[in-house]
Amino acid sequence: MGNAIKPVEWMGDHVKILNQTLLPSEVKFMEIRTAQQMWDAIKMLCVRGAPAIGVAAGYGVTAAMQEHVDKPVERYHAELEKVIDYLATSRPTAVNLFWALDRMKETGSRHREDANAVTQQALEEQAKAIEQYEENACIAIGENALALLKDGMTLLTHCNAGGLATVHYGTALAPMLLGKERGVHFKVYADETRPLLQGARLTAWELQQAGVDVTVITDNMAGMLMKQGKIDAVIVGCDRIAANGDAANKIGTYSVAVLAKHHQIPFYVAGPVSTIDMNTPTGDDIPIEERDWEEVSCGFGKRTAPEGVKVYNPAFDVTPHELITAIITDKGIVRNPDEAGIAEVV
């Protein structure tokens, strides 16, 4: 089953994108046909979540290249390179974007001597393969996570790592959604996740739609709940995992990990192997996206800070591997993650 509404869908000649900036009040889709439109959709968080961004990028390349099929072969491949390089500038932290674009680039290279129509078909098939991989990964992550969790547990999650952020059950939400289908029930607390409220707007919406018992809390309530003994485990998604097991996720995740460590609560990070970046040695090497000041001082159109005040708005933080109980991937569980453990699943 998984997510009933697909955040990214290939329609044969364009990409259908769910505009997640409008959720939960409005369900509206966008038609993406050009590289510029896909760049904007990724940058403006209409499509978001590391796996979903990768899938969107693959289909974005395919859609954008349709208008170049009738050009000379050399010109077609020059345009392909430009489209891929351009989409790579949309967001810097989620490694799935670059993983997917690398696969599209490799596909183009393999077909450099072929007719453009053949290359175009190969690009489409590669984009579909990327989507299929992420779908399969979601199920495997859910299975592996359920092996660590027990029926009746109360879980805390931060940001949104469900079907809206992937293309199926999600990563951190996979055990909750898969468990629901199998009669395994969890109570879930969803951090609001400031400043864009992905937990309140998206996670709560997804879990409520699936019939999962979900309660929204503000980010600064997590510690109190842990102290009261109300949280059995924390599970979050990730946008990039470094070679040593450090994990980047939505801003605020690091704080939750520190709280979980203090209260001796397991802290799990869920993500497909495509989110592991062996070329990034540690979390210190992960580029952290900084976003517009208005997201903090004038979020959702209402001013909440003085005019002209300085704002610092990093979109992600990095949780050191020492704070992570286990990383749950589609290829297996890495307990007490370090470089050796990560290398085993890649």
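Tutor: Buried means under 20% relative accessible area, exposed over 50%, and partly exposed in between, with a 1.4 Å probe and protein chains only. This is a predicted model, in which local features need pLDDT of at least 70 and side-chain atom pairs count only at pLDDT 80 or more, while totals for chains, interfaces and linings use all residues. Residues are numbered from 1 along each chain as its sequence is written, and side-chain values use heavy atoms, with hydrogens and water left out.

Student: What percentage of the 346 residues in the protein is buried?

Tutor: The C-alpha trace spans about 65 × 50 × 40 Å along its principal axes. Of the 346 residues in the protein, the buried share is 57%.

Student: How many helices and strands does the protein have?

Tutor: Both are DSSP runs numbered from the N terminus, helices being H or I with at least four residues and strands E with at least two. By that assignment the secondary structure comes to 11 helices and 14 strands.

Student: At what angle do the axes of helix 2 and helix 3 cross?

Tutor: Axes are lines fitted to C-alpha atoms, for helices over the stretch in contact, and angles run from 0 to 180 degrees between N-to-C directions. The axes of helix 2 (residues 50-65) and helix 3 (residues 73-87) come within 10 Å, and they cross at roughly 145°.

Student: Which residues in helix 2 meet helix 3?

Tutor: Contact means heavy atoms within 4.5 Å. On the helix 3 side the residues are Tyr76, Glu79, Leu80, Val83, Ile84 and Leu87, and those in helix 2 that meet them are Ala57, Gly60, Val61, Ala64 and Met65.
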